[in-house]
Amino acid sequence: MNKAGFSGKPQNPSNDPGDDIPVALRVTPDVAPKINLRLQVLLIGGVVGFILLALISGFLFFVTAPKKTADSQPSTSTESGSSVNSQSNNNDAVLGHLVYPEAPQSELVPITADRRIRMRKTAAEKFRAMTQAARSAGVILVPISGFRSVKEQEQLFFNVGAQRNQTPAERAALSAPPGHSEHHTGYAVDVGDGAVPVTNLQANFDNTKAYKWLQANAARFGFEMSFPKNNIQGVSYEPWHWRFVGDRDSLEMFYKARNLKPARSGQ
Ligand SMILES: [Zn+2]
C-alpha cells in the first residue's frame, strides 16, 4: 500500500502531467497573443498599406488622367489643323512656286512661224497683236518659251539642275519645279529682245528696249510681269517672264492661286 502511498508520491510526479496542463495552458495563451499580435500587426499593416496604395494610385490616376486628355487634345487639334491645310492646298506650293494645271492640247496654238512655241488661243492672239505693235515702234519682241508640259518641266528642272550642279533650292530660284510652272497654263511667255539676244533670260533684260516697251504697253494687251523684284512668292526677279491675265479664265488661274498663302511670303 506504501507502494500505493509511494505510488501516490510518484503519482505526484505523475500529477506533474496534470501540472503540465496548466503550464501548457499557460504557454498556449502566452504564445497565442504573440502570434495574434503579429498577425494583427501584419493584417493592419497590410490593410493600411493596401488602403494607402489604393489611395495613392487613385490619386495618381486622378491627377494623371486629366493630363492625358490635355496631351491628346493638342494632337487632335494638329491633326485637324493639317487636314485644314491640305484642304486649302496651302502646302502644295514647292519652294515658293504654286501649283498650276496643264493646258489642254486642244487649247494651244503656235505663236512662232516654226510652230515650236505655243500659247493658249486667247493669249496667243494678244501676244501676236502685242508683237506687231512693238515692231511698229521699232522693238523686236522674241518669244523664247511658251507652253511647257509637266514632263518638259521635269526634264528642265532636274536635268538642267544636275548639269549645272544646282540644289533644288538653287534651281527653284530660276525655274519652277514640275507641276508648279506658270508655263503649264499656256498663259505665260518668256520674252527676249531680238536686238540683244545676249540678255535672253538674264536680269539685265530690264535694260533693253523690249523690256521698257513691255513695261509701258503690255497691260494694254492683258500681259503682266509675274515675278517683279521682291515678289510675294519669293521667286527670283524675272523681267523676261510675262503672263496673260486678260480674260476671266487666265485671271482666275493666277489670282485664285495667289490667294493661297505662298510658302515664302516673307520675301
Ligand atoms: Zn518663264
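Four strands make up an open sheet here, in the order 3-4-6-5, with antiparallel pairing. The edges are strand 3 and strand 5 (223–225), each of which pairs on one side only. From one strand to the next, the twist averages 45°; axes are lines fitted to C-alpha atoms, for helices over the stretch in contact, and angles run from 0 to 180 degrees between N-to-C directions.

A quick word on what you're looking at. This is a predicted model, where local features need pLDDT of at least 70 and side-chain atom pairs count only at pLDDT 80 or more, while totals for chains, interfaces and linings use all residues. Residue numbers start from 1 along each chain, as its sequence is written.

Now walk across the sheet. Strand 3 (residues 141–145) pairs with strand 4 in the antiparallel sense over 4 bridges, and leucine 141 has aspartate 193 in strand 4 as its bridge partner. Strand 4 is then joined to strand 6 (residues 241–244) by 3 bridges, again antiparallel; here alanine 188 has arginine 243 of strand 6 as its bridge partner. Finally, strand 5 and strand 6 pair in the antiparallel sense over 3 bridges, and phenylalanine 223 finds its bridge partner in phenylalanine 244 of strand 6.

Helix 2 (residues 121–136) packs on this sheet, touching strand 3, strand 4, strand 5 and strand 6, and its direction makes about 145° with that of strand 3. Contact here means C-beta atoms, placed from the backbone, within 7 Å. Helix 5 (residues 209–217) lies across strand 3, strand 4 and strand 6, running at about 135° to strand 4.

What does that do for strand 4? Of the 6 residues of strand 4 (residues 188–193), 5 are buried, so the strand is largely enclosed by the rest of the structure. A residue is called buried if 20 or more other C-beta atoms lie within 10 Å of its own, exposed if 12 or fewer, and partly exposed in between, with C-beta atoms placed from the backbone.

Next, the core. The largest nonpolar core has 31 residues, and those with the most contacts inside it are Met119, Phe127, Met130, Val191 and Trp242. Such a core is a set of buried Ala, Val, Leu, Ile, Met, Phe, Trp, Tyr and Cys residues joined through C-beta atoms within 7 Å. Helix 2, strand 4, helix 5, strand 5 and strand 6 each supply at least two of its residues, with helix 2 giving the most, 5 residues. Leaving aside neighbours within four places in sequence, phenylalanine 127 is in contact with Ile111, Met119 and Val189.

Back to helix 5, where Ala210, Tyr211 and Leu214 are buried. They cover an arc of only 95° around the axis, so they sit on the same side of helix 5; the arc is that of the directions from the helix axis to the C-beta atoms. Strand 3, strand 4 and strand 6 are among what covers these buried residues. The face turned away from the buried side of helix 5 carries the exposed residues Gln215 and Ala216.

Tyrosine 211 has 22 other C-beta atoms within 10 Å, so it counts as buried. Tyrosine 211 and leucine 141 are 70 residues apart in sequence, yet 8.9 Å apart in space, C-alpha to C-alpha.

How values were computed
Two strands pair if DSSP finds at least two bridges between them. Two residues are in contact if their C-beta atoms, placed from the backbone, lie within 7 Å.
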